[in-house]
Amino acid sequence: MLFLMSRSGKAAGTGTVSSTQLTSQYYNLSDVQRSQTALDENITEQFAPLSPEVIRAANYLTSTLLDPLTKKLGSKLEIDSWHRVPATNTAVGGSVTSFHLTGGTVDIDFFKDGVLDNRMIVAAIIKYDYPYTEMIVYGDLNNPSEVHVAAIEGRPEKELLHKNSSGDYIPIDEQTLFQNYYDQGVRV
Ligand SMILES: [Zn+2]
């Protein structure tokens, strides 16, 4: 029994993943729950206490990807959307299967010296081999408006997609995109 209890909360190779509190060095519960849409539309459940499952998923995301990425880039990322309750997800037009519903996905922006440069996010995630499930690059591929990244425990598929101006999701090769950014002078 003690043996079993000591193993609970462990994820293989990632150390302890807490399900009771957010363990991130950089981000807090208000980051996880942030939603301008929920504020605008008075979706109060968006800001209700989070379930242990959502906190655990958020901790997996921060411990495997978001915290190491933040440390590499040298400053906090701007969080646009992280966990969404179903009403918020519907209000923003999210997919019914969106990983945002789990807490294991975040939409982020990175500003270098005050200038938006989301290529840095994508390049660092590829270079340092963070175990993401899916990454979606929004807007102009050479000047992305936003990056959506999911890290779901046990699902390191690394599906990299570009959502183009027609609304289609186009698969992108990691090394081709990394080389493209490198040629543009992006260094991470
Ligand atoms: Zn997203």
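Two strands pair if DSSP finds at least two bridges between them. By that criterion strand 4 (105-109) and strand 8 (143-150) are partners, joined in the antiparallel sense over 4 bridges. The model described here is predicted.

Stay with this sheet for a moment. Asp107 has His148 in strand 8 as its bridge partner. Strand 4 also pairs with strand 3, which covers residues 78-81. That pairing is antiparallel too, over 3 bridges. Here Ile79 stands opposite Ile108 of strand 4. In a regular strand the side chains alternate between the two faces of the sheet.

Now step back to the whole chain. The protein has 7 helices and 10 strands. Its radius of gyration is 17 Å, close to the 16 Å that the globule rule gives for 188 residues, so the protein is as compact as a globular protein of that length. The C-alpha trace spans about 55 × 40 × 30 Å along its principal axes. Of the 188 residues, 32% count as buried. Among contacts with a separation of 6 or more, 67% join residues 24 or more positions apart.

The largest nonpolar core has 35 residues. Those with the most contacts inside this core are Leu61, Ile121, Val122, Ile125, Met135, Val149 and Ala151. Several elements each supply at least two core residues: helix 4 (52-73), strand 4, helix 6 (119-127), strand 7 (134-140) and strand 8. Helix 4 gives the most, with 9 residues. Met135 shows how parts of the chain meet. Leaving out residues up to four places away in sequence, Met135 touches Val122, Ile125, Val147, His148, Val149 and Leu160.

Just after helix 4, Gly74 takes a positive phi of about 90°. An α-helix has 3.6 residues a turn, so residues three or four places apart point the same way.

Two loop residues stand out by their backbone. Most residues other than glycine have a negative phi. Asn42 has a positive phi of about 55° although it is not a glycine. Asn42 lies in the loop between helix 3 (36-40) and helix 4. Asn42 counts as exposed because 7 C-beta neighbours lie inside 10 Å, and the cut-off for exposure is 12 or fewer. Asp129 also has a positive phi, of about 60°, and is not a glycine. Asp129 is found in the loop between helix 6 and strand 7. With 10 other C-beta atoms within 10 Å, Asp129 is exposed.

Asn89 makes a contrast in burial. Asn89 sits in helix 5 (residues 86-91). It has 22 other C-beta atoms within 10 Å, so Asn89 is buried; the threshold is 20 or more. Beyond residues up to four places away in sequence, Asn89 touches Arg84, Gly94, Ser98, His100 and Leu101. Ile108, the residue opposite Ile79, lies 19 residues from Asn89 along the chain, and their C-alpha atoms are separated by 17 Å.

Conventions: Residues numbered from 1 in each chain as written. Predicted model: local features only at pLDDT ≥ 70, side-chain atom pairs only at ≥ 80, totals over all residues. Rg over C-alpha atoms; globule rule 2.2 N^0.38 Å. Contact = placed C-beta atoms within 7 Å. Core = buried A, V, L, I, M, F, W, Y, C linked by C-beta atoms within 7 Å.
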